[in-house]
Amino acid sequence: MRALIAPDKFKGSLTAGEVADALAAGLRSAAGYGSVHCELLPLADGGDGSVDAAVTSGFTRRSYTVAGPTGQHVSASIAFDGVTAVVEVANTCGLGLLPGGTLEPLNASSRGFGEAILFALSLKPARIVMALGGSASTDGGMGMLTALGCSFLDADGRQLYGSGRALAQIHAIRRTVLPELADTELIVASDVHNPLLGTHGAPAVFGPQKGAGPEEIATLNRGLEHFVAALAAAGFPDAAALAEREGAGSAGGLGYACLLLGATQVSGADYFLDLLDFNTRKDSCDVVITGEGSLDEQTLAGKLPAAVARRSGSRQIIAVAGRSLLPRERWAEMDLARVYTLAEYTDQDSANDPELSAALLRQIGKDIGTSLL
């Protein structure tokens, strides 16, 4: 029996690699040595964990110090295989890097992500994959663009440090085009479809999870409107049109800034499945085990487990999750043979308890192994 263990992370608890390791340990303990061969393929969909997933699949980790979401130095990492570099928001300027966990909806910046892109460019990749999930900021990518050579000046000619608060202070923009960017394919891996502005835009939809109340949301929306107008006046002819594009609102508007740089948008789930060679890896396996922290309507709408299930063909597909909001009659929509959840194995809250989550996954792995043999 050959099992491909291909989960996403359990957010707030375990990385995709830790989930895969725990399930594999359980499977092996149930089946006895040699009875089940476990192929581990930790996955990501363009959010946090994308660099780790690429490294697990054979990329090399390269570390670099960047400005965190509030300017503090953080040690970030990218993944590089000699051709493709994977750079992510979460480990450069993500919510998890805010000092003390204090949310900063107006002051957080995407500058560190731009600095990581600069570091990636120094390696001379053919392409850079930009994984946009987990952003702490709503600055429209102003911080990133600042790191990449754009100067945003206030009315007194002083250079602004990119942030949501600084958007409204932009008086003039000086463009500097990095030649390295023109020679590098830029890919945005994200499954967010929101535009930059409006009721479905970045501030309204994602601002609250970054600490923005109604007043901050209104401030950020006005600031982004001014940002778009300033960019158009500075010679970005598509500035207004790109703000309306699906995905422009991802990562607090970083998707918008990436579009300004000429990036191509792709489905994060499908792109990473291709990048990590899922199709080849599953061909030699009898059963595919996937999962994420929560199985729900969003999963069915195209999140990573659904993409895994769609590509698994006639193989038996088993899902493992922290919890599931999908009734058994809806499992067929993903061709799931069985769903296991941590919530079925404990009365405790495992969402923020890595040790408990890992122990429960080992037990679930053991039960899966017993059921397969």
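Predicted model: local features only at pLDDT ≥ 70, side-chain atom pairs only at ≥ 80, totals over all residues.
1. Take Y64 and F119, whose rings are stacked, with 4.5 Å from centre to centre and 0° between the planes. This pair joins distant parts of the chain, since Y64 sits in strand β3 (residues 60-67) and F119 in helix α4 (residues 111-122), 55 residues apart.

2. Y64 is partly exposed, at a relative accessible area of 37%, whereas F119 has 13% and is buried, because the cut-off for buried is under 20%.

3. Another pair to look at is Y271 with F272, an edge-to-face arrangement with centres 6.2 Å apart and planes at 75°. Both Y271 and F272 are buried.

4. After α11 comes D277, which has a positive phi, near 60°.

5. Now for the packing of α11 (residues 268-275) on α14 (residues 304-311): their axes come within 9 Å and cross at roughly 55°. The crossing is therefore oblique, and α11 passes α14 in a right-handed sense.

6. Which residues make the contact? From α11 they are A269, D270, L273 and D274, and from α14 they are L304, A307, V308, R310 and R311. Sorted by class, this contact has five nonpolar and four charged residues, with no polar ones.

Key. Residues numbered from 1 in each chain as written. Heavy atoms only, no water. Axes fitted to C-alpha atoms, helices over the stretch in contact; angles between N-to-C directions. Helix = DSSP H or I, 4+ residues; strand = E, 2+ residues; numbered from the N terminus. Parallel < 35°, antiparallel > 145°, perpendicular 65-115°, else oblique. Left-handed = near helix turned anticlockwise from the far one by under 90°. Contact = heavy atoms within 4.5 Å. Nonpolar A, V, L, I, M, F, W, Y, C, P; charged D, E, K, R; others polar. Phe/Tyr/Trp six-rings, centres within 6.5 Å; stacked < 30°, edge-to-face > 60°. Buried < 20%, exposed > 50% of the residue type's maximum accessible area, 1.4 Å probe, protein only.
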